[in-house]
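Please open the structure in a viewer and keep the sequence beside it.

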Amino acid sequence: MTTLLLRTLSRSSFASSRSRHPAYACFRLGRTFAVPAAVADEEAETVMFPREGSGVSYGLNWALAGRGVIVKDKAYYNLKMSELEKLGTGKIESMSGLTLYMRGNTTGGTPDISKAQFGKLLKQVASHISSVSSVFVQDGAISSSPTFDAKVRIISDSSSALLPLADILWKTPTRAVSHDSSPLTVYIASSISSKTGENIGFSPKPTTAFAAADIERSSLILCGNAFADVNIIKDALSALAAPIISARGGLPLLARILVSGNSVILLFAPEDTIKSSSDLHGSLLSMDVGVVLSSHGVMPFFQTKDRTVPNVLKRPAAIIFASADSTGALPSISKLSPGQAAYHFLAGYQDGKFTPAYIKGPSPLEPLALANALHSQLKDSEIPTFLINVNDGGKLINGKELLKLVQSSLSADLPKSELGANDAKVGELKGKYKSFLSGRFEELPEEFSF
């Protein structure tokens, strides 16, 4: 049985030094990330540490103490969903639109948090969790492949608060997090003071429920009822996991997996396009965005509703980029070379607006670095890539039409790309691409082309 109830019998003083666990450095995708194995305070301080005894897990208590949490009475470890529900307070009302503060985000869209602010918040949250009688610890993973995943440990002051996260994370073997070199840590302080965010000095001023993440510390903090905003949690976890997955040889991408017959297709499309294409939903492995592409195949970030899906799906038969152009410059579907695919991926063009690398939420990875990595994978794997215009001639295509175009990408009879056609509309669109990309990125590889 994987469920453990751990009871602290007594405490003794333990002086912690300034030394840290060895940092895990990620040098992939053009940036360096220090991913510490455990959170260490900036200055040495005295920590109360529980002794080994009957019913006490020395290893778990040591791991929690390394993250600033001292078990006061009981620690529940890896409870089953039924056990969490039994200990919980009932149904959780979902929330949306809460504020996520993030340190280390390169794409914008979230308020910044300073290193000092996050450190101060983390100490307050760890102290709060240490003050409650029961601590709940749950382990999981982002990405279904144990080779290309990011292990996650959740430390919570409430069993109910664990439920939304336990429902989206993949299961991981006992001790997998303890033996991992760079796990993520999620702290849930559901009953912390409602003045916490205000006291930290966040701007804009948060509500009583908010989330804060730090890429360097590999940590996410959920205060108040923020655990009920699953979208915010997924955005934060996707960003935190990206450098770890990249360091392990996977390519983290904000795409969806579409299954057509025996074929697996990778689909990049804006959220509005997916939501309006209801006929497409039945073919998607999950509505969640986020996949890992590797030489082994493709795998989703978050747990799917279909528990029979294998951990790693086979290599995609095709990769589709959904773009929107109402001027008629882009044909309904075009086959792309690896250089063209990387160029259109980097642009993420949607009727006059650009969303580089199709990243709408926070991310620590540079879009150009992702485009370079994708270009390399496409050259090596020779996966066919296509551009579909979802607003062909000013008419938005529906889900059924989009699915038909996606399926046509698997046909050997598809005509060659018309993107290079000598047309005034095409020339104008090329100019828009060039103006945006040259202004945003210093220099593009020569192989990248419209």
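Select F301 to begin: this residue is found in the loop between β17 (297-300) and β18, where helices (H or I, at least four residues) and strands (E, at least two) are DSSP runs numbered from the N terminus. The model is a predicted one, in which local features need pLDDT of at least 70 and side-chain atom pairs count only at pLDDT 80 or more, while totals for chains, interfaces and linings use all residues. Residues are numbered from 1 along each chain as its sequence is written, and side-chain values use heavy atoms, with hydrogens and water left out.

F301 counts as buried because its relative accessibility is 1%; buried means under 20% relative accessible area, exposed over 50%, and partly exposed in between (1.4 Å probe, protein chains only). Now display the surroundings of F301. Leaving out residues up to four places away in sequence, F301 touches A141, I142, S143, W170, S238, I245, P252, L253, V289, G290, V291 and V292, a contact being heavy atoms within 4.5 Å.

I245 lies in helix α6 and, at 0% relative accessibility, counts as buried. Residues up to four places away in sequence aside, I245 touches I142, S143, F148, D149, A150, G250, P252, V292 and F301. Of these, F148 is 97 residues from I245 in sequence, yet the C-alpha atoms of the pair are 5.5 Å apart.

On a 1 Å grid over the protein atoms alone, a cavity is a set of points where a 1.4 Å probe fits but cannot get out, whereas a pocket is an open set with protein on both sides within 12 Å along at least five of seven lines; lining residues have an atom within 4 Å of a point. The second largest pocket holds about 890 Å³ of space, a volume being the space filled by probe spheres set on grid points that are joined across faces, edges and corners. Select D235, E271, V289, K360 and G361, which are the closest to its centre of the 33 lining residues. Which element gives the most to the lining of the second largest pocket? It is α6, with 6 residues. At least two lining residues come from each of α6 (230-247), β13 and α7 (271-276). By class, the lining has 17 nonpolar, 8 polar and 8 charged residues; here Ala, Val, Leu, Ile, Met, Phe, Trp, Tyr, Cys and Pro count as nonpolar, Asp, Glu, Lys and Arg as charged, and the others, Gly among them, as polar.

The next selection is the largest nonpolar core. A nonpolar core is a set of buried Ala, Val, Leu, Ile, Met, Phe, Trp, Tyr and Cys residues joined through side-chain atoms within 4.5 Å. Of the 46 residues in the largest one, L253, L266, F268, F321 and F345 touch the most other members. Elements that each supply at least two residues of this core include β15 (263-268), β18 (318-323) and α12 (424-440). Helix α9 gives the most, with 6 residues. Apart from this core lies another, of 44 residues, among them L79, L165, I233 and L240.

Centre the view on F321. Its neighbours within four places in sequence aside, F321 is in contact with F268, L336, A341, F345, Y358, L374, T385, F386, L387 and I388.

Stay with helix α9 and select H344, which is placed there. H344 counts as buried, at 2% relative accessibility. Residues up to four places away in sequence not counted, H344 touches L336, Y358, L387, L419, Y433 and F450.

Y358 deserves a selection together with A357. Most residues other than glycine have a negative phi. A357 has a positive phi of about 60°, and Y358 also has a positive phi of about 60°. A357 is in the loop between β21 (353-354) and α10, and Y358 is in the loop between β21 and α10. A357 is buried, with a relative accessible area of 2%, and Y358 counts as buried at 9% relative accessibility.

Finally, select helix α11 (residues 399-408), whose buried residues are G399, L402, L403, L405 and V406. They cover an arc of only 160° around the axis, so they lie on the same side of α11; the arc is that of the directions from the helix axis to the C-beta atoms. On the other side of α11, K400 and K404 are exposed.
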